[in-house]
Amino acid sequence: MAPEPPLLTMSGITKSFPGVRALDGVDLHVQAGEVHCLLGQNGAGKSTLIKVLAGAHQPDGGKIVWRGDEVTLRSPIAAMRLGIATIYQELDLVEGLSVAENVYLGHEPTSAGFVVRGRDARASTAALLKRLGHGEIDPARLVGNLSAAQQQIVSMARALSHEVRLIVMDEPSAALDPDEVDNLFRIVGDLTAGGVAVVYISHRLEEIRRIGDRVTVLKDGRAVAVGLPAKETPTREVIALMTGRNVEYVFPERPMAVESGADAAPPEPVLSVQGLARDGEFAPLDLELRPGEIVGLAGLVGSGRSEILETIFGARKPTAGQVRVDGRVLRPGSVRAAVRAGLGLAPEERKAQALLMLESVTRNVSVSSMSRFSYGGWVDRGKELQAARAATRELSLRPDNPSVPVRTLSGGNQQKAVLARWLLRGCRVLLLDEPTRGVDVGARAELYTVIRRLADEGLAVLLVSSEVPEVLGLADRVLVLREGHVVHTAPARDLDEHRVLDLVLASGQHGPTLTKSPSGPATTEGSPAS
Amino acid sequence: MTQPASPARPVTDKIPPADGDKSPWWSVVFRADLRTLSLLGVLAALVVIGGVTEPEAFLDTDNLQLVLTQASVIGVVTVGMTFVIISGGIDLSVGAIVALASVWATTVATQDYGFAGILFTAVVVGLGCGLVNGLLIAYGGMVPFIATLAMLASGRGLALEITDGKTQMVTVDGVLKLGERDSYILGIPPLVMVFAAVTVVGWLLLNRTTFGRRSVAVGGNPEAARLAGIDVRRQRLYLYLLSGLCCGIAAFLLIVLSGSGQNTNGNLYELDAIAAAIIGGTLLSGGRGTITGSVLGVLIFITIQNIFALNNLETAVQQIAKGAIIVAAVLVQRRTATT
């Protein structure tokens with residue numbers, strides 16, 4: 001590669017948070033003047049890595065060498081002083097301040113040390129904006145009145161108001177129109193021509209091909225590929241790196257009945273979905289789920305997978321179609337109706353959507369089944385503890401003490417606590433959204449065994465996962481999704497990873513996007529009093 | 001709540017023996033956490049200070065009865081407030097509700113119905129205000145701060161409208177008698193017994209009922225509560241109803257205590273109640289809190305007030321001390337939370 005020493009070398013960076021190892025020895029090498037793309041699924045460790053680089057997180061281990069010297073980035077200001085600027089996806093602008101005030105926030109040009117020279121700030125802001133191709137933005141305007149794209153430009157102007165050598169851009173194109181993206185690329189080109197390095201994070205693979213020089217792929221907190229040539233590496237190889245397995249698992253065996261098609265008549269479906277759709281998220285979907293069956297939804301992020309699960313569960317209101325459990329139609333958009341009918345959801349964002357982090361395992365497990373051990377609102381705590389213990393032992397949750405706070409558990413055991421909640425409720429259809437997200441690689445096989453055993457005992461499971469081998473290994477039947485449409489349905493044993501990737505990628509004009517849908521979970525509130 | 005028609009595999013069928021779950025009743029005392037113990041320590045220290053500085057006046061039975069009686073009114077309000085804060089909300093209208101309930105219950109027309117009329121009106125006015133708060137917040141989607149701020153303003157206004165700024169004297173004997181020494185049972189004023197009863201019921205409600213569990217869940221993580229099948233909106237409505245009910249009871253206690261109803265009653269109760277809950281260890285962001293802590297917070301505040309009054313110190317000094325205690329309590333709690 002280039003003869004000069006690299007601008008930045010991060011090696012063996014590790015970072016753990018309670019319950020999960022976010023970075024597990026990551027390397028990143030960036031040359032001056034290159035566009036270095038950072039790729040990975042949600043939760044692969046990208047955000048943690050750039051926060052380490054921005055000085056916002058302190059790594060537990062590893063080495064950062066900046067222009068030949070080993071450095072410690074103690075704070076965002078320290079990183080900024082070295083010339084590392086970060087433009088976060090959620091822009092960190094103050095809406096109540098003007099454009100110029102935002103750009104120079106924290107390093108305002110001053111007289112006598114504290115009187116802000118507003119005119120100077122506005123003048124140099126105007127010059128920066130012009131350089132960024134947006135001279136029309138008035139430096140005196142309030143940032144809150146600007147469009148998302150303009151705010152992004154302001155954020156970039158702020159980065160350039162420092163003397164930068166490296167700019168990290170976290171999904172800068174997510175909020176932009178196509179011609180704004182062109183302008184963004186022109187800016188990136190100008191910057192790199194001037195010797196500035198750009199670390200570019202995007203889920204849009206075609207963008208990476210357009211402006212990227214090299215690619216580093218993260219998966220499960222490790223760099224699975226470092227410095228691949230961005231233009232020459234085939235798309236499917238990149239995707240395979242992101243979604244594939246670097247560890248081979250032995251998936252639990254499927255029971256004979258399902259595997260061989262069975263002699264006896266298959267049991268009646270417990271869940272049937274007819275024409276279920278949400279405008280702009282997923283097209284009408286038909287689906288039947290029988291007891292003992294695991295059905296997988298395979299597709300990239302943004303293909304509508306999570307939205308489908310949440311709509312079936314009533315957390316989102318469908319625009320068409322219906323969900324039946326045992327033939328009875330569920331009230332649309334009502335979580336309570338779904339729970340009462342025997343559905344359970346283990347959502348993608350476990351901490352934000354499922355767990356009561358301040359509470360014990362027992363209370364997290366019992367929260368959906370209070371009526372089972374309460375009489376007229378009076379909780380029998382002995383019975384509650386016993387029930388929680390039974391449910392968590394059933395899943396071999398560790399530690400074997402349901403009185404400990406749930407936040408002290410590892411990711412895999414936290415997931416088991418969520419499963420135990422639905423198990424205790426007597427749930428019959430389990431909806432699993434990325435069940436192994438944030439679960440240490442080593443603990444996943446055990447979770448697979450648990451899921452398969454639950455199915456063998458009569459549960460119906462609907463599984464969503466970004467990891468194709470996970471879907472193929474665990475599910476009996478697979479639905480392949482692309483942009484909200486089911487493009488293929490087949491028994492899992494008739495599919496392999498390559499076939500699924502072909503189906504997922506067989507793109508129309510859009511090309512593969514791995515963009516996470518911006519919507520948070522659910523807009524409909526819980527059902528009113530019933 | 002209905003169960004699913006036929007739970008595939010009710011786990012509760014195979015409940016293992018409760019090994020080691022049985023703990024003697026007194027273990028509760030030892031399980032009392034550091035926070036409660038430190039609050040008890042502060043209270044004990046205050047009692048010592050009171051006893052040393054003004055041995056005769058402070059430890060006098062009359063004075064101790066007075067302290068507890070004063071604590072009763074704000075204490076009952078604080079129990080309701082604690083629930084609201086645990087659920088992630090706030091109720092700024094408690095003082096105004098106490099004022100409105102106390103004047104509505106002491107109008108000439110109400111007093112015609114005697115003891116029961118006054119009690120009934122105070123409680124119903126409290127519940128009514130709580131209902132409005134709850135509907136606006138749970139179903140109207142208003143931020144609790146704003147909704148209850150509006151109730152504060154209009155409640156006070158209505159109270160002034162009813163009384164025209166005059167003090168409404170109570171003429172019902174039964175009510176007046178309740179505040180007199182003759183009604184003390186074993187030296188304990190009936191008002192204090194009401195406070196004790198509200199505290200016990202509140203503690204049981206929070207720690208032993210599904211209502212308490214749901215309140216904590218809603219405050220700790222509303223999205224998770226919703227996806228666990230809890231009716232979050234209904235729970236929020238109930239919580240503001242509960243706070244209103246506590247205000248109604250407190251209004252009645254205040255009527256008994258003062259023998260009158262005034263539109264200036266309950267002034268700044270909202271701040272005292274919030275402060276007591278906070279020093280008692282309730283998280284302002286919701287999801288955690290204890291009734292014991294809140295009640296100890298109230299007792300600490302009232303005791304300080306009493307000691308300062310007995311030592312002829314100005315109110316100004318007293319308020320500075322209160323502020324310092326709030327800061328100290330929160331700092332200590334943060335220290336213990338991180339270790």
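**Close-up views of a predicted model**

View 1. UniProt, in an unreviewed entry, lists residues 92–109 of chain B as a "transmembrane region".

**View 2. Another annotated stretch, residues 64–85 of chain B.** Here the span is 100% helix and 0% strand, with its end C-alpha atoms 30 Å apart. Residues 64–85 also carry the "transmembrane region" label in the unreviewed UniProt entry.

**View 3. Helices α4 and α14 of chain B meet.** Two packed helices are described by the angle between their axes and the distance between the axes. The axes of α4(B), residues 61–86, and α14(B), residues 269–279, come within 9 Å and cross at roughly 65 degrees. That angle makes α4(B) roughly perpendicular to α14(B). Their crossing is right-handed. Look for the residues that make the contact: α4(B) brings B:Ile74, B:Val77, B:Thr78, B:Met81, B:Thr82 and B:Ile85, while α14(B) brings B:Tyr269, B:Asp272, B:Ala273, B:Ile274, B:Ala276 and B:Ala277.

View 4. Now over to chain A, where A:Gln415 sits in helix α15, residues 411–425. Is A:Gln415 buried or exposed? A:Gln415 is buried, because 29 other C-beta atoms lie within 10 Å and 20 or more count as buried. Leaving aside residues up to four places away in sequence, A:Gln415 touches A:Ala346, A:Arg350, A:Pro435, A:Val439 and A:Leu447. As for A:Pro491, this residue is 76 residues from A:Gln415 in sequence and 27 Å from A:Gln415 in space, C-alpha to C-alpha.

How values were computed: Residues numbered from 1 in each chain as written. Chains lettered and ligands numbered in written order. Predicted model: local features only at pLDDT ≥ 70, side-chain atom pairs only at ≥ 80, totals over all residues. Axes fitted to C-alpha atoms, helices over the stretch in contact; angles between N-to-C directions. Helix = DSSP H or I, 4+ residues; strand = E, 2+ residues; numbered from the N terminus. Parallel < 35°, antiparallel > 145°, perpendicular 65-115°, else oblique. Left-handed = near helix turned anticlockwise from the far one by under 90°. Contact = placed C-beta atoms within 7 Å. UniProt positions renumbered as here; feature names shortened; annotations may be inferred. Buried ≥ 20, exposed ≤ 12 C-beta atoms within 10 Å, placed from the backbone.
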